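Dear colleague,

Please find below the structure that I am handing over to you.

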Amino acid sequence: MNLKDLPERIKELLSKPRQDREELRRAFETTIATLRAEAIAARTASGIEDVWTACEEAYAGIDDTNRGEDGGIKPLTMQGSLRKARTDNGDQATVFIRMTAKYVDAGAAKLSEITDS
C-alpha cells in the first residue's frame with residue numbers, strides 16, 4: 001500500500017501538526033481493522049480453507065470413514081484395534097491409500113535440495 005492509496009481522512013490527518021497524533025492513530029486503527037475484516041471475508045468466501053483441510057486430510061490419510069467423533073473407525077497404526085465400519089452398504093471393507101504424503105514429501109525434499117544448492 002502506498003501513501004496515495006490511503007483513505008482521504010488519513011491523508012488529511014497526516015498533514016496536520018503533531019499534536020493530533022491520537023486522532024491519526026484512531027483513524028489508522030479503523031482503516032486497518034476494516035481492511036482486515038475485508039480480507040477475512042474474502043478468504044472465507046473463496047473456500048480456500050476447505051481446500052486446505054481436504055489437502056491436509058489426504059496427506060494424513062483421513063477419509064469419511066475414519067473421521068469419527070470417537071477418534072475414527074479405522075486404526076491409524078498397525079497396533080490399533082480393529083473396529084467395524086458402519087456403512088450404508090452393509091459390512092464392506094474400505095481402503096484409503098496414502099499416496100499424497102510420499103509425493104508431498106518427495107517434492108519438499110527436492111525443493112529443499114534445489115534451494116540449498
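Does Glu22 count as buried, partly exposed or exposed, and what is its relative accessibility? The model is a predicted one, and in it Glu22 counts as partly exposed because its relative accessibility is 39%, which falls between the limits of 20% for buried and 50% for exposed.

Overall fold

The chain contains four helices and zero strands, which gives the pattern α-α-α-α when read along the sequence. Of its 117 residues, 13% are buried. The accessible surface amounts to about 9,700 Å², and carbon and sulfur atoms hold 56% of that area. Among contacts with a separation of 6 or more, 29% join residues 24 or more positions apart.

Helix H2 has 26 residues. From its first C-alpha to its last, H2 reaches 37 Å, close to the expected 38 Å. Just after H2, Gly47 adopts a positive phi of about 80 degrees. The buried residues of H2 are Leu24, Ala27 and Thr31, and they pack against H1.

The largest nonpolar core consists of five residues, namely Leu6, Ile10, Leu13, Leu24 and Ala27. Helix H1 (8–14) and helix H2 (21–46) are the elements that each give two or more residues to this core. Apart from neighbours within four places in sequence, Leu24 is in contact with Ile10, Leu13 and Leu14.

Salt bridges

Side chains of opposite charge can pair when their charged atoms come close. The whole structure has five salt bridges. One of them joins Arg26 to Glu22, with the closest N and O atoms 3.5 Å apart. Both residues lie in helix H2, four residues apart, or about one turn of the helix. Another joins Glu29 to Arg25, where the closest N and O atoms are 2.2 Å apart. Glu22, Arg25, Arg26 and Glu29 are linked in a network of salt bridges. Arg26 is partly exposed, with a relative accessible area of 43%, and Glu29 is also partly exposed, at 42%.

In helix H4, Lys110 and Glu113 lie three residues apart, and their side chains meet in a salt bridge of 3.5 Å, N to O.

Nonpolar surface patch

Val95, Ile97, Met99 and Tyr103 make a nonpolar surface patch of about 480 Å². Tyr103 belongs to helix H4 (residues 100–116). Tyr103 counts as exposed because its relative accessibility is 54%, and the cut-off for exposed is over 50%.

Yours sincerely,
A colleague

Technical notes: Residues are numbered from 1 along each chain as its sequence is written. This is a predicted model: local features need pLDDT of at least 70, side-chain atom pairs count only at pLDDT 80 or more; totals for chains, interfaces and linings use all residues. Side-chain values use heavy atoms; hydrogens and water are left out. Patches are made of residues with over 30% relative accessible area and no salt bridge: like charges are joined within 9 Å, nonpolar side chains (Val, Leu, Ile, Met, Phe, Trp, Tyr) within 5 Å. Accessible areas come from the Shrake-Rupley method with a 1.4 Å probe; for residues, only the protein chains shown count as cover. A salt bridge is a side-chain nitrogen of Lys or Arg within 4 Å of a carboxyl oxygen of Asp or Glu. Buried means under 20% relative accessible area, exposed over 50%, partly exposed in between (1.4 Å probe, protein chains only). A nonpolar core is a set of buried Ala, Val, Leu, Ile, Met, Phe, Trp, Tyr and Cys residues joined through side-chain atoms within 4.5 Å. Contact means heavy atoms within 4.5 Å. The expected span of a helix is 1.5 Å times one less than its number of residues.
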